[in-house]
Amino acid sequence: MIKRSLLVFISLFYLIASFGQNGTVSGTLSDSLGEKIIGAAVVVKGTNMGSISDENGFYKIANIDLSNAILVTSYSGYKTKQIKVNGRSTVNIILSEISNNLNQVMVVGYGTSTKKEFTGANANLIGEELQKLNIPRIDQALQGQISGVNISTNSGSPGGSSSIRIRGLSTFGDNDPLILVDGVVYDSEGLNALNPNDIESINVLKDATAGIYGVRAANGVILIETKKGRRNVKPRIELSAYTGMQQATKKLDLLNAREYAVLKNEMHANGGLDVPFQNTNLGTGTDWQDAIFQNAIVQNYNITVSGGTEKTTYSVGGSYYSQDGIVGLDKSNFTRFNARVNLNTEMSQRMRLSSVFLYTNEERNALPENGIGSVLYNTINAFPTEPIRDENNNFSYLEEVSDIINPVAQMQNTYNTAWVDKFVGKEEIAFDITKNLTFTNRFNYNYALVDNKVFSPLTWYGPGKSQNTALNEQLDPTQVEIAPGILIDRGASVYEGRSTYSDINFESFINHSFQFKKIHTIKTTAGVSIFSRNGKGLGGTAYNIPNNSIDYADISANLAEGGFLNNTNSFQFQERLVSGFLRAQYSMGSKYNGSLIVRRDGSSKFGPNNRFGIFPTLSGSWLLSEEDFYDIDRIKFLKLRLSYGISGNDQIPNFAYRGLLNGEGVYVFNDIITQGVAIGRAGNPDLKWETTRQFNVGADMKIFHSFDLTLNYFIKNTKDLLFQPDVSGVLGTAGAGSYPPIINAGDVSNKGVEIELMYSTKIRKKINISTGINGTWIKNEVVKIPEGIEFIPGAAFGIGGGVATRFEKGFPIGYFIGYQTDGIFQSQEEIDNSPVKQDGAVPGDLRFIDQNGDGIISFNDNSDKTMLGTPIPKVTLGYNINISYEGFDFSANLFAALGQDIIRNYERQQPYANQLAYNIDRWTGTNSTNINPRITTGANKNTIFSDFYVEDGSFLRLKNIQLGYTLNPKITQHVSISSARIYIAANNLLTLTKYQGFDPDIGSVGGALASGIDYGFYPQARTIMAGISLKF
Amino acid sequence: MTKKITSLFILIFIFPSIFSCKKFLDIDPLYTQDAENYFLTPLDYDRALTGAYDLLQSSFMTVWVGEIASDNSIAGGESVNDTEGLHEIDNMNHDAVNNELRSIFRWNYSGITRANYLLEFKDNIDFEGKDKIIAQARFLRAYYYFELVKYFGDVPLVIDKRIGADEVTKIDRTPKSEVYAQIEKDLIYAASILDWKNPTKGRITKGACLALLGKAYLYQNKFDAAAMTFDQIIDQNEYMLIDKYTDLFTVANEGHTETVFDIQYTGAEGGGYDCLICLEGNAAPGFQGIRQFEGPTYGDGNSYNLPTQNLYDAFNPSDLRRDASILDIEAFKNANPSVKYAEGGGGHTGYYNNKYIKKKAEIGLPDNDLTSPVNYHVIRYADVLLMAAEAHNRATSPDDAKATNYLNQVRKRAKMSEINASGNQLTEAIWAERRLELSGEGHRFFDLVRTGKAAQSIDGFVTGKHELFPIPQVEIDLAGGNWNQNKNY
């Protein structure tokens, strides 16, 4: 690399002063810790002469009037300093950091603000803090970082997604916030594509001030800025890499072969059946979990080059990330390439171009997850008496249960790959019409090409298995009649699908700022936005792939007679949004700030009756600490904030307002499948957006010198919930491809308190400690549900079991409802003497509580069901600490979610399925236990949904812990490295929880009403990593 | 230069403003039709009719419930929790929380709604042949209502329109008699329009309309009307019993002369357990297949709906219908030593339903437990003869000669001796014959209820309660909670 340092910047104009003592001044710039500051500007006041500090923090300005010159420094994040040269030729300058980052600029949507003047409740994060966590998805990295933002993991598999909930669940429809990357809409599903290393900052708008985004703002807005270069800085190269080993954090405690045989014998005997095992002395048998969980590698490489000339700044990045799954290795892996260019240039003195381009290529392989048929479900329920492979080295069949297959065979036979190519970018031109009036036009785009390929080889999992694709053990293909008399072999098949999605967004806005009488400032932003999204897709299945091999798995290799394709399908959609927005901010001094936001949105998602909506927000802040009368010494800075506003949520399927004939109306005439029509979703012309009214009161303060405290209290009421309730069967929406109408009904309220406390200090000038804790308390309650409906049933328990969750007035969204138990019936006498009649009860059965006091347990209706838990945590807490001493740095991040419950729904209640080890302590006779019921193959009510299946899901997790060492720059500089850091780190090293399942950090895969249900969740891995980062 | 740029920018700024927002937002869905702007061509009607036919395929559930609820079979399956609703029905301890009953309720109303959608727009355009489409739609509506009345008694009657979520909370259960009146009206109309023959396999014929009409009369004990209606079919000589009873239920023989009303299935489309209503195949044979079967002829299945010893013993050993209706799996294994199978934890009787059972030669696309191409023979001519016999025997002025003749036609085909009886003795003989002739086809429970014999035949059957199934509680809730539950549930 470049060996010797040079002055990067030479002033454009220089004057030869005609009098005075001319000479050269030079020196170094450093911060209060003595660290060199690179890239800071030093200018001679009143001239254009200046310099930018180099890698050593060195600056030099020649030909100046040494006696009179005043040097002015500027560097973002640091206070501006003015120093008289006073004839010196060496002036070393120490810059002090801006405390509290009060003046740090943050993006707030079509403009910028500072923490000092912003009137809303938000949280600003520096990208570096998230990158340090080495978490591939930005949403997972955000967990525990910000109060009021709860992240839960939908799947721990590589490339798995998370649920982001800003200030609680406000609907049981789409709760995802609006995510904008450099102003470009980036939906949360596609967050896999974003490389955390490309991120400079994240600003989360939590309250009504997100209303500048109108009909899409109700779930909060996350503004992500990618890295930019700095002016007048030589190219700086940053390289970072880490690699790590992942492993399962936990194994479930299941029965071993001997225990299994004993329990199954007892179970069959209790059910009046012959016992299956004559000999129960079978040892430990197969540990299917050992066969499934493997150590897997994760690796990541990043390169960033950034810098700038006088008029242009640039930042270019590239990265490679690859993660194998702890279940299935390359069968469930995720690989990602990223490229990024961020370019800003002054086209003329008054015109600036900023251009962002992000490219991602990703590949994800996935195994069946979550629920019956998933690899982990099969693993948990496979019997330990069965070997993985039989004596002929063939996979064992697990014959006794038809829907449980050998999970090792299943992994081997699964080929499910998705590829995504994504192009996201922005071209923006800002033009200064006058000094105070800037006119910005930008064009944003987001294009994604998604390919899917699923290869299904001919497989045989054993007689009677529904997953068999072959006719028999010899893997003969089945035959199928595709038309009268035309039979074809149905050999190995491949499904291929390709879909494209493109967003095009044009935005145009003016920013005006106007000051009068020195202390009054009015800033105005006004603009329009036109957004259009299109998607289309095509897919089909081809048969008879040669050699039963993935090598030929392509539709082009279809050998089926007549090129027969099955399941061919296509889709297309379009949606549009037209918006106008206005924001007026008034500040008096810096003491009083007020802001008015109005946005008008028109959305093609709604019918002509309700197409346009207006969303206003008012907010204000008062800097109490700047008042003359303010005299609290301990609190250096005190700002009070207040906001109230209305925003919307339009996330429903397109054209839901009209009944479309896209249902499935298919019948067989003349033995041929004949396509008819049927109404798909019933229409509702009055459909409109969900409306959220949010009130927020908050305070920001700095206590003593080292504590920063932010407090918020909010009330968030969401009205007119958009949902598709289960409707009466009489409406006739239960046919294939038919759905109930989407209607506006129901209100939800979220009330909460958020606290963020940060502390930083320095011990003996050498040890830097900064630490922060944040906490969120949210009370979620359904306030109203549609007329005539008692509740909306949610997810089901077990196989064909009853409804276990509900949306019901007076309860949290998706709360658990079922029977409450009160121990076990110990004897027939106890049953006979019980004041409550429980049909079918025998000794050893769960004793249910008669909720309505009618003396009988009603299995017939809901009258004896009660609330058994909620998937929503009462409190979430985040804690982080950073300590540095000389070259060493240490950090830790913890996250805790407390007070939520989880439904244990991965136990297959089958005569031969394996069981959790708690069954060893089953009821076997009077007073043997009062916790676990008897086991039997016979009919019983112990398997209906009760609190027996609800567990406390609270947990505390050490998300990341790391120890780093930065080599002495004096040494590394000899090889042109300005900074070299090596570190070791661990993610998910420790989780404290009472929950029995693999992982308590469970999101939802089936919408808000399916939260907190564990179907055999793919757990997050524990990762031990080592990494290095170099700066040149 | 600056001026130029300024004006350019102002143009760009103004452009979106002059651009019509309303027009920009007023987009139509691509390549799909709108429910309110449909029925513009004859083809539109035809396609909507196909959509209404679609729900017939959900009747595989009746093959299960009609048998399992009766003394003919047990629920079976992998365990007692496997489709728990069927086990409860088997044990006569079913209640208002039952997924299978709910499916029956919803699926039949979906069929009604699709027929009503077409009928709502019946006057949109006129074209030749429209009356035939209307007639089929009305037949389908009648069939779906008949199913509902059979199961649930009084059900809300919605005619020629679709209703919304608000409206449903304002309507009550319609008395059974009124629903029957509408069923009769629809079927009489349909029978007057449709022809005896339709070249398209699967289309409703006049015979199907009359047979269902006669059956509806029979279920209301309107024996005179039933007898007259059935005679119309018999006298037409359109149908004929086929020679071999064993040939009745094979795909190869579908459309035989005994077919009065078949529900059509195909194996040419795959399917999954997550959406049984999406299937184009018949789910009953796979579910009723032999558990983990390996061997000739049959395919492996889920061991549902297993015939009881009681049914097996009801047959005279020389009755060739016994082995055609019931597969004795141990006997089959003895004859074919390669056979392997498993007993399900949901119960085992040693018998399988041999009419609707997965066979190697009749296998559909995966999951082939669900995609059997075997049609469900809802009404066969033998059933018509037996219903006619019963109607004549129980008519105001009985014609036992005719009744005996019809009964013996059925017995003769089974190579059974003729019966000569009259009065109550003949009634009993006809009912006994119905069980033997039609076992495994989903009729038994409803016949037992209809004839007042349920309590004596079904363990746990409570008179005054189990004649009807309970309205699913969730359906009562969703309809506003105002409906009364059926008695004693």
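In chain A, A:Leu125 has A:Ile202 of strand E15 as its bridge partner. Strands E10 and E15 (residues 199-205) of chain A pair in the antiparallel sense over five bridges, where pairing requires at least two bridges found by DSSP between two strands. The model is predicted: local features need pLDDT of at least 70, side-chain atom pairs count only at pLDDT 80 or more, and totals for chains, interfaces and linings use all residues. Residues are numbered from 1 along each chain as its sequence is written, while chains are lettered from A and ligands numbered from 1 in the order in which they are written. Helices (H or I, at least four residues) and strands (E, at least two) are DSSP runs, numbered from the N terminus.

**Strands and domains of chain A**

- E10(A) and E15(A) belong to an open sheet of five strands with mixed pairing, in the order E10-E15-E16-E13-E14.
- Strand E10 (122-126) and strand E14 (184-185) of chain A are at the edges with a single partner strand each, so one side of each has no neighbour in the sheet.
- Another open sheet of chain A has three strands in the order E49-E48-E52, again with mixed pairing; its edge strands, E49 (950-952) and E52 (1013-1014), each pair on one side only.
- Strand E48 (residues 901-904) of chain A runs parallel to E52(A), joined by two bridges, and A:Ile903 is opposite A:Ile1013.
- Strands E32 (residues 666-669) and E33 (residues 672-675) of chain A are antiparallel, with four bridges; A:Val666 has A:Gln675 as its bridge partner.
- E32(A) and E33(A) make a hairpin with two residues between them, and A:Asn670 in the turn has a positive phi of about 50 degrees.
- Chain A is divided into domain 1 (22-97) and domain 2 (105-230 + 954-997), with bounds from an automatic or database domain assignment.
- The centres of these two domains of chain A, taken over C-alpha atoms, are 35 Å apart.

**Helix packing in chain B**

- Helix H7 (residues 130-152) and helix H10 (residues 206-219) of chain B pack at about 30 degrees with axes 11 Å apart; axes are lines fitted to C-alpha atoms, for helices over the stretch in contact, and angles run from 0 to 180 degrees between N-to-C directions.
- That angle makes H7(B) roughly parallel to H10(B) (under 35 degrees is roughly parallel, over 145 roughly antiparallel, 65 to 115 roughly perpendicular and the rest oblique).
- H7(B) passes H10(B) in a left-handed crossing, meaning that the near helix is turned anticlockwise from the far one by less than a right angle; clockwise is right-handed.
- The H7(B) side includes B:Phe139 and B:Phe146, and the H10(B) side includes B:Leu212 and B:Ala216; by class the contact has eight nonpolar, no polar and no charged residues.
- The axes of H7(B) and helix H9 (residues 176-193) of chain B come within 8 Å and cross at roughly 150 degrees, which makes H7(B) roughly antiparallel to H9(B).
- The crossing of H7(B) and H9(B) is also left-handed, and their contact has 13 nonpolar, two polar and six charged residues.

**Contact between the chains**

- 95 residues of chain B are in contact with 84 residues of chain A, contact being C-beta atoms, placed from the backbone, within 7 Å.
- H6(B) supplies the largest share of the chain B side, 10 residues.
- The chain B side divides into 46 nonpolar, 29 polar and 20 charged residues (Ala, Val, Leu, Ile, Met, Phe, Trp, Tyr, Cys and Pro are nonpolar, Asp, Glu, Lys and Arg charged, and the others, Gly among them, polar).

Note on methods. Two residues are in contact if their C-beta atoms, placed from the backbone, lie within 7 Å.
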